[in-house]
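Trainee: I have the model open and would like to go through it piece by piece. Can I ask as we go?
Mentor: Go ahead.

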Amino acid sequence: MNGKLIKAMHKIRHDTAFYELKRLYVFDKKSRLSYHDTLYLNIIESHPNKYTSSQIADLLKITRPSVTEKINQLCKKGYILRTQSETDKRLFYLSINPDSPKDYEITAGYEKEMEREILEKFGEEKVNVFCEVIEFMSELMFEDFKEEKENE
(Lines give C-alpha, C1' and ligand atoms only; values in the text may rest on other atoms or scores of the structure.)
Protein backbone atom coordinates (compact mmCIF):
# COMPACT_ATOMS: atom_id res chain seq x y z
CA MET A 1 0.00 0.00 0.00
CA ASN A 2 3.08 2.17 0.17
CA GLY A 3 2.04 4.28 3.17
CA LYS A 4 -1.44 5.12 1.85
CA LEU A 5 -3.12 4.02 5.09
CA ILE A 6 -0.67 6.01 7.23
CA LYS A 7 -1.33 9.12 5.12
CA ALA A 8 -5.08 8.62 5.49
CA MET A 9 -4.75 8.24 9.28
CA HIS A 10 -2.66 11.43 9.47
CA LYS A 11 -5.24 13.26 7.37
CA ILE A 12 -8.18 12.22 9.53
CA ARG A 13 -6.33 13.24 12.73
CA HIS A 14 -5.41 16.57 11.12
CA ASP A 15 -8.91 17.27 9.85
CA THR A 16 -10.52 16.20 13.13
CA ALA A 17 -8.27 18.53 15.12
CA PHE A 18 -9.13 21.41 12.80
CA TYR A 19 -12.84 20.60 12.96
CA GLU A 20 -12.81 20.50 16.78
CA LEU A 21 -10.92 23.78 17.04
CA LYS A 22 -13.03 25.47 14.35
CA ARG A 23 -16.15 24.30 16.16
CA LEU A 24 -14.90 26.00 19.30
CA TYR A 25 -13.67 29.24 17.76
CA VAL A 26 -16.03 29.81 14.85
CA PHE A 27 -19.24 27.84 15.24
CA ASP A 28 -19.55 28.24 19.00
CA LYS A 29 -18.47 31.83 19.67
CA LYS A 30 -20.65 31.84 22.77
CA SER A 31 -19.49 28.40 23.90
CA ARG A 32 -18.26 27.98 27.42
CA LEU A 33 -16.14 24.98 26.40
CA SER A 34 -12.37 24.78 26.02
CA TYR A 35 -10.64 22.27 23.79
CA HIS A 36 -9.80 20.17 26.85
CA ASP A 37 -13.44 20.32 27.89
CA THR A 38 -14.50 18.85 24.55
CA LEU A 39 -11.92 16.05 24.83
CA TYR A 40 -13.28 15.05 28.25
CA LEU A 41 -16.84 15.27 26.94
CA ASN A 42 -15.92 13.08 23.95
CA ILE A 43 -14.51 10.41 26.28
CA ILE A 44 -17.55 10.47 28.53
CA GLU A 45 -20.09 10.66 25.70
CA SER A 46 -18.54 7.66 23.94
CA HIS A 47 -18.87 5.50 27.06
CA PRO A 48 -21.53 6.89 29.40
CA ASN A 49 -21.44 5.55 32.96
CA LYS A 50 -18.24 3.61 32.27
CA TYR A 51 -15.67 5.91 33.88
CA THR A 52 -15.18 7.61 37.20
CA SER A 53 -12.92 10.65 37.54
CA SER A 54 -10.29 8.44 39.19
CA GLN A 55 -10.36 5.90 36.35
CA ILE A 56 -9.82 8.64 33.76
CA ALA A 57 -6.90 10.01 35.79
CA ASP A 58 -5.35 6.55 36.11
CA LEU A 59 -5.70 5.85 32.38
CA LEU A 60 -4.22 9.22 31.44
CA LYS A 61 -1.52 8.92 34.13
CA ILE A 62 -2.29 12.37 35.52
CA THR A 63 -3.24 13.40 39.03
CA ARG A 64 -6.71 12.61 40.28
CA PRO A 65 -7.24 16.15 41.60
CA SER A 66 -6.63 17.64 38.14
CA VAL A 67 -9.26 15.37 36.56
CA THR A 68 -11.66 15.94 39.45
CA GLU A 69 -11.25 19.70 39.00
CA LYS A 70 -12.06 19.46 35.26
CA ILE A 71 -15.05 17.19 35.92
CA ASN A 72 -16.31 19.55 38.65
CA GLN A 73 -16.09 22.47 36.21
CA LEU A 74 -18.05 20.54 33.56
CA CYS A 75 -20.66 19.54 36.15
CA LYS A 76 -21.05 23.18 37.25
CA LYS A 77 -21.45 24.24 33.60
CA GLY A 78 -24.21 21.61 33.24
CA TYR A 79 -22.51 19.24 30.78
CA ILE A 80 -21.82 16.19 32.95
CA LEU A 81 -23.81 14.15 35.46
CA ARG A 82 -22.38 11.91 38.19
CA THR A 83 -24.33 8.73 38.96
CA GLN A 84 -23.56 6.85 42.15
CA SER A 85 -22.78 3.16 41.75
CA GLU A 86 -25.46 0.87 43.12
CA THR A 87 -22.87 -1.67 44.25
CA ASP A 88 -20.15 0.65 45.62
CA LYS A 89 -21.49 3.92 47.01
CA ARG A 90 -17.97 5.47 46.87
CA LEU A 91 -17.98 5.41 43.06
CA PHE A 92 -19.64 8.00 40.82
CA TYR A 93 -19.86 7.24 37.09
CA LEU A 94 -19.86 10.03 34.53
CA SER A 95 -22.32 10.69 31.71
CA ILE A 96 -23.44 13.60 29.56
CA ASN A 97 -26.30 15.60 30.99
CA PRO A 98 -29.22 15.28 28.53
CA ASP A 99 -30.14 18.85 29.49
CA SER A 100 -26.61 20.15 28.80
CA PRO A 101 -26.21 23.56 27.16
CA LYS A 102 -26.97 23.49 23.44
CA ASP A 103 -23.48 24.53 22.30
CA TYR A 104 -22.38 20.90 22.67
CA GLU A 105 -25.06 19.57 20.28
CA ILE A 106 -23.53 21.02 17.09
CA THR A 107 -21.25 17.98 16.76
CA ALA A 108 -24.15 15.54 17.02
CA GLY A 109 -25.95 17.15 14.08
CA TYR A 110 -22.77 17.20 12.02
CA GLU A 111 -22.12 13.51 12.74
CA LYS A 112 -25.64 12.52 11.68
CA GLU A 113 -25.27 14.42 8.40
CA MET A 114 -21.85 12.88 7.79
CA GLU A 115 -23.22 9.38 8.46
CA ARG A 116 -26.06 9.97 5.97
CA GLU A 117 -23.66 11.16 3.27
CA ILE A 118 -21.20 8.29 3.82
CA LEU A 119 -23.99 5.69 3.67
CA GLU A 120 -25.36 7.31 0.54
CA LYS A 121 -21.96 7.29 -1.19
CA PHE A 122 -20.56 3.91 -0.07
CA GLY A 123 -23.53 1.77 0.94
CA GLU A 124 -24.13 -0.20 4.10
CA GLU A 125 -21.78 -3.10 3.29
CA LYS A 126 -18.70 -0.88 2.84
CA VAL A 127 -19.66 1.21 5.85
CA ASN A 128 -19.85 -1.95 7.97
CA VAL A 129 -16.30 -2.86 6.90
CA PHE A 130 -15.16 0.68 7.65
CA CYS A 131 -16.71 0.42 11.13
CA GLU A 132 -14.80 -2.83 11.69
CA VAL A 133 -11.56 -1.07 10.69
CA ILE A 134 -12.27 1.82 13.07
CA GLU A 135 -13.02 -0.61 15.91
CA PHE A 136 -9.78 -2.49 15.23
CA MET A 137 -7.81 0.79 15.17
CA SER A 138 -9.37 1.73 18.49
CA GLU A 139 -8.33 -1.60 19.98
CA LEU A 140 -4.77 -1.09 18.74
CA MET A 141 -4.58 2.40 20.25
CA PHE A 142 -5.71 1.19 23.63
CA GLU A 143 -3.75 -2.06 23.88
CA ASP A 144 -1.40 -0.47 26.39
CA PHE A 145 -4.35 0.42 28.63
CA LYS A 146 -5.54 -3.19 28.52
CA GLU A 147 -2.06 -4.50 29.29
CA GLU A 148 -1.72 -2.14 32.27
CA LYS A 149 -5.04 -3.28 33.67
CA GLU A 150 -4.07 -6.94 33.33
CA ASN A 151 -0.79 -6.29 35.17
CA GLU A 152 -2.54 -4.69 38.17
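Trainee: What span should α4 have, and what does the model give?
Mentor: This is a predicted model. At 1.5 Å a residue, the 13 residues of α4 should span 18 Å, and the C-alpha atoms at its ends are 18 Å apart, which agrees.

Trainee: Which residues of α4 are buried?
Mentor: V67, K70, I71 and L74 are buried in α4. Looking down the axis of α4, these buried residues fall within an arc of 95°, so they line one face of the helix.

Trainee: Why would spacing like that put them on one face?
Mentor: An α-helix has 3.6 residues a turn, so residues three or four places apart point the same way.

Trainee: And which residues are exposed on the other side of α4?
Mentor: P65 and K76 are exposed there.

Trainee: What covers the buried residues of α4?
Mentor: The cover includes the helices α2 and α3, along with β1 (80–84) and β2 (92–96).

Trainee: Take α3, then. At what angle do the axes of α3 and α4 cross?
Mentor: They cross at roughly 130° and come within 8 Å. As for hand, α3 passes α4 in a right-handed crossing.

Trainee: Which residues make that contact?
Mentor: On α3 they are S53, S54, I56, A57 and D58. On α4 they are R64, V67, T68 and I71. V67 and I71 are also among the buried residues of α4.

Trainee: Now the loops. Where is K61, and what is its phi?
Mentor: K61 is in the loop between α3 and α4 (64–76). Its phi is near 60°, which is positive, and K61 is not a glycine.

Trainee: Is K61 buried or exposed?
Mentor: K61 counts as exposed, because its relative accessibility is 59% and the cut-off is over 50%.

Trainee: What about G78?
Mentor: G78 follows α4 and has a positive phi near 95°.

Trainee: What does T52 touch?
Mentor: Leaving aside residues up to four places away in sequence, T52 touches L91, F92, Y93 and L94.

Trainee: And α2 itself, how far apart are its ends?
Mentor: The end C-alpha atoms of α2 (residues 35–46) are 17 Å apart; its twelve residues should span 16 Å at 1.5 Å a residue, which agrees. The buried residues of α2 are D37, T38, Y40, L41 and I44. Seen down the axis of α2, they fall within an arc of 160°, so they line one face of the helix.

Trainee: Last topic, the whole chain. What is the pattern along the sequence?
Mentor: The order is α-α-α-α-β-β-α-α, which comes to six helices and two strands. Of the 152 residues in the protein chain, 22% count as buried.

Terms used
Residues are numbered from 1 along each chain as its sequence is written. This is a predicted model: local features need pLDDT of at least 70, side-chain atom pairs count only at pLDDT 80 or more; totals for chains, interfaces and linings use all residues. Side-chain values use heavy atoms; hydrogens and water are left out. Helices (H or I, at least four residues) and strands (E, at least two) are DSSP runs, numbered from the N terminus. The expected span of a helix is 1.5 Å times one less than its number of residues. Buried means under 20% relative accessible area, exposed over 50%, partly exposed in between (1.4 Å probe, protein chains only). The arc is that of the directions from the helix axis to the C-beta atoms. Axes are lines fitted to C-alpha atoms, for helices over the stretch in contact, and angles run from 0 to 180 degrees between N-to-C directions. A crossing is left-handed if the near helix is turned anticlockwise from the far one by less than a right angle, and right-handed if clockwise. Contact means heavy atoms within 4.5 Å.
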